[in-house]
Structures are given as structure tokens and as C-alpha cells.
Amino acid sequence: MSIPKKCEMPDMSHVASGRSVGWYEASARQRVRLLLDAGSFEEFIGPEQREISPHLKVFDLPTQFDDGIVVGRGRIAGAPVFLAAQEGRFMGGAFGEVHGAKLTGLLRAARDIKSVPVLILFDTGGVRLQEANAGELAIAEIMRALVEARMAGVKVIGLIGGRAGCYGGGGLIAGCCSALAVSEQGRISVSGPEVIETNRGVEEFDSRDRALVWRTMGGKHRRLLGGADAFSDDTIQSFRDTALQLIESAPAFGAGVLKAEQARLEERLQRFGACADAIDIWSAEGVSDAQAVPALPAEQFIALADKVWRPRHDAR
Amino acid sequence: METLSYRHKAQERAAGSKSLAIIGVVASGNLEVMVERVLPDTECQVDINTAAEGFAAVWEAVVADFVERRSTGGLKLSINDGGARPDTVALRLAQAVRLIEEDER
């Protein structure tokens with residue numbers, strides 16, 4: 001028998017803090033608590049204020065005390081941040097009047113203060129149908145507030161890895177952010193799979209083909225295509241690390257950045273416009289075994305993605 | 001929707017000093033419970049807003065059992081329910097009291 005070597009203690013601090021918890025399975029409040037420095041979160045318009053939806057009772061539907069979104073401020077690695085987290089399990093994380101107004105207010109506060117970045121933890125199917133126009137207006141107000149905040153110098157980072165993904169108006173808001181982090185589970189799109197199939201037919205998009213859905217809207221494809229700036233593993237620790245990197249690296253806002261983004265999108269269309277499937281795009285980008293991408297573990301995928309295409313920080 | 005409210009004499013004052021705790025999500029078969037420390041130490045109130053109508057007798061039994069087993073004095077519990085089963089309700093009530101007993105961080 002050999003004498004066991006004295007080994008160094010692994011860093012277990014993330015276990016103690018609970019940050020090894022999966023992002024996908026966590027609730028909005030768990031994500032907020034574990035993403036930020038311990039005990040630093042201060043909620044705005046908390047559940048005790050009972051600022052609930054005025055529309056849902058008309059449909060005899062249950063309300064939630066925070067209307068499905070947690071907003072407030074806290075610290076991440078010691079630095080102040082504003083933060084909003086959607087609860088994807090309450091009405092699919094959808095935007096209603098109150099839900100939207102809380103995010104608009106947060107972004108306006110960030111705009112006025114100028115120096116504090118905003119993290120938006122998206123988990124949404126889009127607009128809450130029961131609140132129709134109020135929900136659509138909320139999306140427009142949020143986009144305006146977000147752009148105004150960016151014009152004032154605020155970095156707005158979107159984190160996407162929840163069960164509802166980031167769809168509909170949520171996809172539009174995500175497109176306005178300074179940078180996005182996505183996990184494999186975090187789908188980003190505007191029209192969802194069923195919507196596309198209903199409107200364009202099953203030949204256009206088969207919503208029951210899960211592999212097709214994931215490789216078209218899932219996090220890996222969004223990262224490889226440049227829609228998302230960073231890929232995160234499905235843990236709260238990984239999203240925290242990625243958020244910190246993006247707060248550092250996200251570009252400022254101005255005509256130069258928008259022009260660079262326009263050029264990037266034009267180039268993308270030119271290179272991949274004729275591709276019929278995500279796998280064709282990955283092959284065209286130089287991934288040698290494109291078929292294997294969906295099954296790659298996060299670490300290997302990040303290494304591959306960084307080799308294929310490093311995020312451009314002059315664009316968005 | 002159905003609204004129910006139960007007020008009980010509590011066994012003991014709830015431990016800890018936190019004034020607010022919240023647990024759960026309003027979804028099918030799930031519920032949220034918000035606890036506020038706003039009542040006299042000998043009282044406990046449970047207000048329920050539920051999507052599943054006609055289960056008042058079950059709610060009454062689950063709430064009575066909860067107040068009997070836990071130290072709930074001073075607590076007002078507000079529930080938004082998406083049609084959870086009694087075992088889920090009992091679990092969330094226990095989690096909510098456990099949370100408000102924790103020390104403030």
C-alpha cells in the first residue's frame with residue numbers, strides 16, 4: 001500500500017455559498033441571492049407591497065405578490081449593480097403591466113445614476129397575453145429605457161439560462177443589451193417554435209423536433225453565431241463569473257459601435273444567408289465536426305467557440 | 001378564485017427577528033407563501049387566494065394542523081395558490097416559517 005499523498009484542499013467556497021446550484025432549476029429569488037455577494041441584495045417594490053397585476057383577476061387567474069419579477073440593487077465582487085430577475089415559472093415569466101414597469105423603473109434609475117451596471121436575468125416567453133396592449137407597451141418602454149441607460153454610459157448585461165428561455169419581447173430587449181451570456185438551456189429568439197410552425201407550416205419549422213429547436217435557438221448556436229457574447233455553464237457560479245467578465249468587456253454605446261454591429265450583421269448574412277440549418281453554419285465557420293457540437297460539454301464547447309469566433313467588443 | 005382567511009391562537013411566538021420571508025412560486029400545482037411578522041405574539045393569521053374553488057374544508061384542516069405543530073405567534077401568512085395539493089401546501093408553510101426564523105444576514 002502506498003502512503004496517500006497529502007493533497008491540497010480544493011476550493012469549496014462555491015459549495016458553501018450554494019453557487020454550484022443549477023441556474024435552470026433555480027427560482028428567480030435563488031438566482032438573485034446566490035449571484036450577488038452574500039446578504040447584499042436590497043429589493044425595490046418587494047412582495048410585501050403587493051404591487052400585483054390589475055388584469056389577471058379579470059380572467060379569474062391567480063396573481064403573484066412580485067408579479068413575477070424581482071428588482072433591486074446589490075453587490076457583485078464588491079461592486080454595486082442593479083439587477084432584475086424574471087420568474088419563468090409564473091405565467092412563463094411573461095411581461096405584464098406591473099412586471100414591465102418594475103424593469104422600466106430600474107433602467108431609468110440606472111440611467112440617472114450612470115455609473116452602476118444592470119444585470120437582467122431573463123426567463124420569459126414574451127408578453128403576457130392577458131395583458132395584451134399593456135404588455136406590448138411595457139416592452140417598448142423597457143427598450144427605450146434600456147437604450148437611454150446605455151446612452152448615459154450604463155452597461156446592461158443579459159443573463160439567459162432559464163426554463164422559459166428568452167422569447168418574444170424578451171428577445172427584443174435582449175437584442176438591445178450591451179452583452180449577453182447564455183447557457184446551453186437558454187434559448188433566445190423572438191417567435192417561438194410553435195409560433196413559427198403555426199404561421200409558416202411544419203416544413204418551415206417542426207416544433208416537435210427538439211434537436212432542431214435547440215440547435216436553432218439554443219445557447220450554443222447563439223454563441224457561435226455571435227448573438228450571445230459569452231457561453232456559461234448551467235451553474236450560478238458560472239453565470240456570476242461570466243457576468244463579471246462581461247461587465248468588464250462590454251462595449252460603450254455610440255454611433256461607432258452601432259455601425260460596427262451593422263457591419264457584423266451584414267457580413268453574417270452574406271456568409272451564412274444560404275445555409276439551411278445551424279449545422280451548415282457551424283461547418284461554414286470552420287468547426288471540423290459540426291455534428292458533435294450539441295453533445296459537447298460546456299468547457300470543451302467554450303474552448304471551441306473561442307477558437308472559431310472571439311466575441312467582437314467593438315460591436316452591439 | 002376563492003378567498004379564505006383563518007385566524008388562530010398561536011402556541012408560541014415565532015423564533016427569530018426577520019420581518020419578512022417568501023417562498024414558492026404561483027404555478028400549476030404550486031403556491032407562494034409570504035410571511036410577515038406583523039401580529040401580536042399570540043396570534044397567527046393565514047390569508048389564502050386560491051385558483052381551486054371548493055376546498056375550504058381541506059385548507060382549514062391543513063392550516064389548523066400547521067398552527068398546532070409550529071411556533072407561529074406574530075405571523076401573518078399570505079398565500080397565492082395555483083392549485084397545490086395539501087402536502088405541497090404543508091411543505092411550503094413549514095418552509096416559510098423556517099425562513100423567517102433564520103437570522104438576518
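Tutor: Two residues are said to be in contact if their C-beta atoms, placed from the backbone, lie within 7 Å. Helices (H or I, at least four residues) and strands (E, at least two) are DSSP runs, numbered from the N terminus. The model is predicted, and local features need pLDDT of at least 70, side-chain atom pairs count only at pLDDT 80 or more, while totals for chains, interfaces and linings use all residues. Residues are numbered from 1 along each chain as its sequence is written, and chains are lettered from A and ligands numbered from 1 in the order in which they are written.

Student: What are the confidence values of chain B and of the model?

Tutor: On the pLDDT scale, the predictor's confidence in each residue from 0 to 100, chain B has a mean of 96, and 98% of its residues reach 70 or more. The model scores ipTM 0.95 and pTM 0.94.

Student: Which residues of H5(A) are called buried, and what makes a residue buried?

Tutor: A residue is buried if 20 or more other C-beta atoms lie within 10 Å of its own, exposed if 12 or fewer, and partly exposed in between, with C-beta atoms placed from the backbone. In helix H5 (residues 169–176) of chain A, the residues Gly169(A), Gly170(A), Gly171(A), Ile173(A) and Ala174(A) are buried, and the buried residues of H5(A) pack against E4, helix H4 (132–151), E5 and E6 of chain A. In strand E6 (residues 179–182) of chain A, Ala179(A) and Ala181(A) point one way and Leu180(A) and Val182(A) the other way, and all are buried.

Student: Is Ala77(A) buried or exposed, and how do you know?

Tutor: Ala77(A) has 12 other C-beta atoms within 10 Å, and is therefore exposed. The residue sits in the loop between E2 and E3 of chain A, with a positive phi of about 50° although it is not a glycine.

Student: Is Lys114(A) buried or exposed?

Tutor: Lys114(A) has 10 C-beta neighbours inside 10 Å, so it counts as exposed. Lys114(A) lies in the loop between helix H3 (97–113) and E4 of chain A, and its phi is near 75°, a positive value in a residue other than glycine.

Student: Why do E1(A) and E7(A) count as edge strands?

Tutor: Two strands pair if DSSP finds at least two bridges between them. Chain A has an open sheet of seven strands, in the order E1-E2-E3-E4-E5-E6-E7 and with mixed pairing. Strand E1 (42–44) and strand E7 (230–231) of chain A each have a single partner strand, so one side of each is left without a neighbour in the sheet.

Student: How many bridges join E4(A) to E5(A), and how many join E5(A) to E6(A)?

Tutor: Five bridges join strand E4 (residues 118–122) to strand E5 (residues 156–160) of chain A, and these two run parallel. Four bridges join E5(A) to E6(A), which also run parallel. Leu159(A) is the bridge partner of Leu121(A) in E5(A), and the bridge partner of Leu159(A) in E6(A) is Ala181(A).

Student: What is the angle between H1(B) and H2(B), and which hand does the crossing have?

Tutor: Axes are lines fitted to C-alpha atoms, for helices over the stretch in contact, and angles run from 0 to 180 degrees between N-to-C directions. Helix H1 (residues 56–69) and helix H2 (residues 86–101) of chain B pack at about 35°, with their axes 10 Å apart. The crossing is right-handed; a crossing is left-handed if the near helix is turned anticlockwise from the far one by less than a right angle, and right-handed if clockwise.

Student: How many residues of chain B are in contact with chain A?

Tutor: In chain B, 15 residues are in contact with 14 residues of chain A. Strand E2 (20–24), strand E3 (31–37) and strand E5 (75–81) of chain B each supply at least two residues of that side. By class, this side of chain B has eight nonpolar, three polar and four charged residues, where Ala, Val, Leu, Ile, Met, Phe, Trp, Tyr, Cys and Pro count as nonpolar, Asp, Glu, Lys and Arg as charged, and the others, Gly among them, as polar.
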